[in-house]
Amino acid sequence: SSFIKFDDKTINVEGMFDGARVRSSESPLVIQGGDLSAAKMFANSTELEELTFKGTRFYDFTGITENSEVKIITFENCDLACHHLDFEAEVTGCIHSGDSLERINIINCSDVFVNAIVNNVKKFGKPNDFLMITIKD
């Protein structure tokens, strides 16, 4: 896999790849570490179909793949970077919007993170979304 490593830094990556043509020599592109404000990080991006976050903590993930070509997002060993009530106040929309996202995989993430994903999709998702969420411990 190709990867981007943020270590344990707190970083605002909002819109970092917005509108970008993201080519990865190997799929998926892996984002490793970091305490991220990741709203719209891959919004409107093209050519990237699979994305994995490993050991990442989130302040926000509103529209992280909005209107992009990403079909699969995997969160592995992820958590929130703040209290869940602060997270809920920060998040203003669905983790995705548009029609391309097909699956969210959640692997060995904290319970509070799993709840944040599920609650986000319930609260902000469209009733006709065909989105599969798989959760593995």
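Student: Which are the buried residues of helix 2?

Tutor: In helix 2, Phe 113, Val 114, Ala 116, Ile 117, Asn 120 and Val 121 are buried. They span an arc of only 160 degrees around the axis, so they lie on the same side of helix 2. The arc is taken from the directions that run from the helix axis to the C-beta atoms. Buried means under 20% relative accessible area, exposed means over 50%, and partly exposed is in between, with a 1.4 Å probe and protein chains only. The general idea is that an α-helix has 3.6 residues a turn, so residues three or four places apart point the same way.

Student: What should I know about the model before going on?

Tutor: This is a predicted model, in which local features need pLDDT of at least 70 and side-chain atom pairs count only at pLDDT 80 or more, while totals for chains, interfaces and linings use all residues. Residues are numbered from 1 along each chain as its sequence is written, and side-chain values use heavy atoms, leaving out hydrogens and water.

Student: Which exposed residues does the face of helix 2 turned away from its buried side carry?

Tutor: That face of helix 2 carries Asp 111, Lys 122 and Lys 123.

Student: How many residues does helix 2 have, and how far does it reach?

Tutor: Helix 2 covers residues 111-124, which is 14 residues. From its first C-alpha to its last it reaches 20 Å, close to the 20 Å expected at 1.5 Å a residue. The expected span is 1.5 Å times one less than the number of residues. Helices (H or I, at least four residues) and strands (E, at least two) are DSSP runs, numbered from the N terminus.

Student: What do the buried residues of helix 2 pack against?

Tutor: Their partners include strand 4 (57-60), strand 5 (72-76), helix 1 (84-90) and strand 8 (132-136). Contact here means heavy atoms within 4.5 Å.

Student: How many bridges join strand 2 and strand 4, and in which sense do they pair, parallel or antiparallel?

Tutor: Two strands pair if DSSP finds at least two bridges between them. Strand 2 and strand 4 pair in the parallel sense over 3 bridges, and Ser 37 has Asp 60 of strand 4 as its bridge partner. Strand 4 also runs parallel to strand 6, joined by 2 bridges, with Phe 58 opposite Leu 80 of strand 6.

Student: How many aromatic pairs does a search of the whole structure find?

Tutor: Rings of Phe, Tyr and Trp (its six-membered ring) pair if their centres lie within 6.5 Å; planes under 30 degrees apart are stacked, over 60 edge-to-face and the rest tilted. The search finds 9 aromatic pairs. One of them joins Phe 53 and Phe 58 edge-to-face, at 5.2 Å centre to centre and 70 degrees between the planes. Phe 53 and Phe 58 are both buried. One aromatic cluster takes in Phe 53, Phe 58, Phe 61, Phe 75, Phe 87 and Phe 113.

Student: Where is Glu 47 found, and what is its phi?

Tutor: Most residues other than glycine have a negative phi. Glu 47 has a positive phi, near 70 degrees. Glu 47 sits in the loop between strand 2 (29-37) and strand 3 (50-54), and is partly exposed at 39% relative accessibility.

Student: How many disulfides does the search find?

Tutor: A disulfide is a pair of cysteine sulfur atoms within 2.5 Å. The whole structure has 0 disulfides. For Cys 82, the nearest cysteine sulfur, that of Cys 78, is 14 Å away.
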